[in-house]
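Hi,

Here is the structure I promised to send over. Have a look at it first, and then read on for what turned up.

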Amino acid sequence: MPLLRLFVFALLLPTVVSAQHMHNATADTSQHGGMHQSGMHMGDSSMAHGDHDMHDMNMSHAYSRYLPMSRNGSGTAWQPDATPMYMWMQHKGPWMLMYHGAVFGRYTNQNIGRKNGQRGGSTLDAPNWFMTMAQRNVGQRGLLNLTLMVSLDPLTEGNNGYPLLFQSGEAYKGNPLVDRQHPHDLFSGLSVGYTHAFSQDVDMTLYLGYPGEPAVGPTAFMHRISAMSNPDAPLSHHWVDATHITFGVATLGVRYKQFKLEGSNFTGREPNEYRYGFDRPRSDSWAARLMWNPTNELSLQIGQAWVKSPEELHADEDVQRTTAGLMHSRQWGDYHYIASSFIWGMNHYAFGNEHAVLAETNIALGKPTVYGRYEFLQKDAEELTVPHTEGTHPIYNVHALTLGASYRLAQLGQHGPELHVGAQGSVYRPDDQLRGYYGKTPVSAQVYLRLNAPLMRMSGMKM
């Protein structure tokens, strides 16, 4: 059954894409910095590429008429302006439409060679997500953005997600999801944002999402180019960016040049196990975040969130989450770039602090890509469902290293998605107390095919 789902799903994507008749631009990636530095509004630019004329196409950022589109992260988060963009674009009257997404078809085996009783598992599955944005200028100073993000994870992963050693967070049938990554909701994002520009240097944004993403952490992993090649969610997901699907978000942000300060009110409770519906909004949590892009290749953020009762199985437990992140991107030609992220997150509970550190990089060298991710995590006995004395909260350290490579096989049709083949391996080093459950140095591996939106090229663009 999982293989059938995977096969059908892989067949559907190019069919859907070819029906869209979308424009696929060609990018001179070195131009992104110029866009950012000049604050140029691409709606005033002319550009032609291939057989497509994109004259007067508005290509501004989703939440500023004076920032480049390449700064779009997830929610209202920023990433470096030099970040490559994988998407399709379409111009409909005053509207600019953008589409992107990815689907992996893979086999993963967690804890290869595990002994009887040790944790792990294997499966055929297809992690996936799709996103579309529509934006248009409103009057002389306004910018309206509408965003929809969906995932068929509940269908391709099942309601208890996929096996992933040392992962934790959310629940299924009254039990915590441990050593499994939860699926994402069918409706992972449905938001509206309006930005008013006071000048080229100052604008204000109101963002509402149901679901949406509050101003917590850096750009979520599904949208980070540094994480693009890795099918797995980071083990630090619930320390950094787990709030990227939140049922009820209101964010107000003010940008001054290359700084942006935001505050959010949002629902603290993470999505429940019913992945096809809309959870009840609670409006019980708060967050603040400061972002700064000092150059076109760097993006920094720091923030703190007060999250009310995020886990349904620990309803009386609140979390104070602090994050800081640095993202870097550099391009030196089409399909030649490096994108890296260094992220720290800390969850403060009534019993103490738990830290997570992530460093990941993705290096594209034409058709081949190499990538890696290192994480250091601290998780307590309840999160890993390890027996312990009631009332105590022993915290365990885990090191995880993943190395992988992929190869771009083809583009399916003139404007279709790219097809990649890849493989990766992970090795873990848990504390001594955990080795009876996982082994001393558990190893996992997977092979996959990936379909994703094509790289956007803009080499014909006149700046």
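How many cavities of 30 Å³ or more does the structure hold? The answer is nine. Keep in mind that this is a predicted model.

Let me start with the largest cavity, which has about 710 Å³ of space in it. Its lining is made up of 50 residues, and H100, W129, M222, H223 and R224 are the ones closest to the centre. If you want to find it by secondary structure, look at β6 (95–110), β8 (128–138), β9 (142–150), β12 (187–197) and β24 (443–452): these are the elements that give two or more residues to the lining. Sorted by class, that lining has 25 nonpolar residues, 21 polar ones and four charged ones.

Next comes the second largest cavity, with about 300 Å³ of space. Here 23 residues form the lining, and the ones closest to the centre are G169, E311, H314, E317 and E383. Two or more lining residues come from each of β10 (162–172), β11 (175–181), α4 (237–240), β18 (319–333) and β19 (336–349). Of these, β10 gives the largest share, four residues. The class count for the second largest cavity is ten nonpolar, five polar and eight charged residues.

Now for the protein as a whole. There are five helices and 24 strands in it. It has 463 residues, 58% of which count as buried. If you take the contacts between residues at least 6 apart in sequence, 65% of them join residues at least 24 apart. The accessible surface comes to about 17700 Å², and carbon and sulfur atoms account for 60% of that.

One residue I also looked at is D284. You'll find D284 in the loop between β15 (259–266) and β16 (285–292). Is D284 buried, exposed or partly exposed? Its relative accessibility is 28%, so it counts as partly exposed. Leaving out residues up to four places away in sequence, D284 touches N265, F266, T267, G268 and K308. With G268 there is a specific atom to look for: the side chain of D284 reaches the backbone nitrogen of G268 at 2.9 Å.

Cheers

Definitions and conventions: Residues numbered from 1 in each chain as written. Predicted model: local features only at pLDDT ≥ 70, side-chain atom pairs only at ≥ 80, totals over all residues. Heavy atoms only, no water. Buried < 20%, exposed > 50% of the residue type's maximum accessible area, 1.4 Å probe, protein only. Contact = heavy atoms within 4.5 Å. Polar contact = N/O pair within 3.5 Å; in protein donor to acceptor, adjacent residues only side chain to side chain. Areas by Shrake-Rupley, 256 points an atom, 1.4 Å probe, with all protein chains shown as cover. 1 Å grid on protein atoms, 1.4 Å probe; cavity = no way out; pocket = protein on both sides within 12 Å on 5 of 7 lines; lining within 4 Å. Points joined across faces, edges and corners; volume = space filled by probe spheres on them. Nonpolar A, V, L, I, M, F, W, Y, C, P; charged D, E, K, R; others polar.
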